[in-house]
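Trainee: I have just opened this entry and would like to go through it with you. Could we look at it together?

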Amino acid sequence: FWAGDKSAEGALKTLITEEYRLTEPKGKDPFQTKNFTRLMIASNKSWVVPTEIEDRRFLVVDVSDKKKNNTLYFKELWGEMENGGYEALLWFLMNRTIETDLRQIPNTKAKIDSKIQSMTSVQSWWHERLTEGAIVEGMYWESVCSKKEVFDQFDLEHNRQGYITKEIFY
C-alpha cells in the first residue's frame, strides 16, 4: 500500500468505512460479516494515507525522535509493562473521563501535510497560488486578470510538470 496508489485507496477506504465485509474461508462459500476492522499504520514515509481535504477517516500524527535508539528507556518501559503496567494502563483507559467528541478527528500538522500531498493537480495548483499570493506571476490579488490568463498560467505550469491539461478538464 502507498498513499498515491489510487487502486489501493478505494480498498483501504472500503476496509475502514463499510459496515459489512465479505469473508471468504478456504473451501467454503463466502458470507457477509460485520466489519470490526481497526487499523493502525506505522511508517517511516512522509505520505502514508490518502487524506482528502474533508477527510474523516484518518488520524495522522508524527512521532518524536526524542527517544529514538534509547535502548535503556525502552528496556525500562518494557520492564514496567511486565510488572503491572498492562493492568495499570487498562485501568486508566477504562476509568478515564472522556470530555471531547471522539468522532472529531484532530487536524494535526501531519494530517495537513498529508492533505497537501494527497491533493489533485488542480487543488495543488490553487494551493500554490494561494500560498504565493499571486495567480499569475506579477499579478497579485489586487490585480484583475481574465479567466483565460488564469487557465493559461495553469496550463503552462502543468505542461512543465508533464501533465496534459485537456486530460484534467475534458
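Trainee: Which exposed residues sit on the face of α4 turned away from its buried side?
Mentor: That face of α4 carries Leu130 and Thr131. Exposed means over 50% relative accessible area, buried under 20%, and partly exposed in between (1.4 Å probe, protein chains only). Helices (H or I, at least four residues) and strands (E, at least two) are DSSP runs, numbered from the N terminus. This is a predicted model, in which local features need pLDDT of at least 70 and side-chain atom pairs count only at pLDDT 80 or more, while totals for chains, interfaces and linings use all residues. Residues are numbered from 1 along each chain as its sequence is written, and side-chain values use heavy atoms, with hydrogens and water left out.

Trainee: And which residues of α4 are buried?
Mentor: Ser121, Trp125 and Arg129 are the buried residues of α4. They cover an arc of only 75° around the axis, so they lie on the same side of α4. The arc is that of the directions from the helix axis to the C-beta atoms.

Trainee: What is Arg129 paired with in a salt bridge?
Mentor: Its side chain meets that of Glu128, at 3.7 Å, N to O. A salt bridge is a side-chain nitrogen of Lys or Arg within 4 Å of a carboxyl oxygen of Asp or Glu. Arg129 has a relative accessible area of 4%, whereas Glu128 is partly exposed at 31%.

Trainee: Which residues do salt bridges with shared partners join into one network?
Mentor: That network consists of Lys6, Glu9, Lys13 and Glu52. Within it, the side chains of Glu9 and Lys13 meet at 2.8 Å, N to O. These two are four residues apart in helix α1 (residues 6-17), which means that about one helical turn separates them. Glu9 is buried at 9% relative accessibility, and Lys13 is buried at 10%.

Trainee: How many salt bridges are there by this rule?
Mentor: The count comes to 11.

Trainee: New topic: where is Val61, and what does it contact?
Mentor: Val61 lies in the loop between β2 (31-34) and α2 (71-95). Leaving aside neighbours within four places in sequence, Val61 is in contact (heavy atoms within 4.5 Å) with Thr108 and Ala110. Val61 and Ala110 are 49 residues apart in sequence, yet 5.3 Å apart in space, C-alpha to C-alpha.

Trainee: What about Asn69, buried or exposed?
Mentor: Asn69 is exposed, with a relative accessible area of 70%. This residue is also in the loop between β2 and α2, and has a positive phi of about 65° although it is not a glycine.
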